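Work through the exercises below with the sequence and the model in view. Each task is followed by a worked solution.

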Amino acid sequence: MIKRHSRPARLLALLPLAVALAAPVMARADDGDAKTNDDDPTINQQGFAINKILRVLQTNPDAAGDSCINALKEMHKAQTALGKEEGIDPEHNQDIGVARDVLSSEMEDVTNMCGADARTYCRSAATHPDPKLTAACNALPTEED
């Protein structure tokens with residue numbers, strides 16, 4: 001018999017990715033800008049938005065749809081690929097730019113798909129206010145971000 005994992009279990013399995021992305025968020029510089037571990041500020045900015053989205057979905061993993069979970073998996077793969085490229089001499093590795101572009105695209109997918117799930121959950125949970133969830137919902141990036 002094939003063991004099937006529930007949606008919450010799958011989302012929780014992807015949370016180490018959120019921790020990796022949250023590291024720059026938790027370590028803030030004195031001037032209010034986040035310290036980052038990537039040379040590309042676009043990737044870092046996208047990471048901040050994704051962390052805000054994941055904070056909402058962590059309160060109810062069932063709110064994350066299959067497209068969100070799949071997008072998180074693809075983003076994780078792209079992040080791993082970028083990590084491998086960054087391990088090669090950056091002065092002689094022309095593939096880093098491509099790996100960053102792929103990761104940025106995957107992060108955009110996560111922002112769109114998971115962001116929609118998070119916003120939907122925030123609207124449905126508004127009738128039962130939870131201060132932690134309300135704060136996470138209020139911190140969500142706008143759809144244009």
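**Exercise 1: two helices**

Helix α3 passes α5 in a left-handed crossing, meaning that the near helix is turned anticlockwise from the far one by less than a right angle. Helices here are DSSP runs of H or I with at least four residues, numbered from the N terminus. The model is predicted: local features need pLDDT of at least 70, side-chain atom pairs count only at pLDDT 80 or more, and totals for chains, interfaces and linings use all residues. Residues are numbered from 1 along each chain, and side-chain values use heavy atoms, without hydrogens and water.

Task: classify the angle between α3 and α5.

Solution. The two axes, lines fitted to C-alpha atoms over the stretch in contact, come within 9 Å and cross at roughly 30°. Angles under 35 degrees count as roughly parallel, so α3 is roughly parallel to α5.

**Exercise 2: the span of α5**

**Exercise 3: V102**

Task: is V102 buried, partly exposed or exposed?

Solution. V102 lies in helix α5. Buried means under 20% relative accessible area, exposed over 50%, and partly exposed in between (1.4 Å probe, protein chains only). V102 has 40% relative accessibility, so V102 counts as partly exposed.

Note on methods: Axes are lines fitted to C-alpha atoms, for helices over the stretch in contact, and angles run from 0 to 180 degrees between N-to-C directions. Angles under 35 degrees count as roughly parallel, over 145 as roughly antiparallel, 65 to 115 as roughly perpendicular and the rest as oblique.
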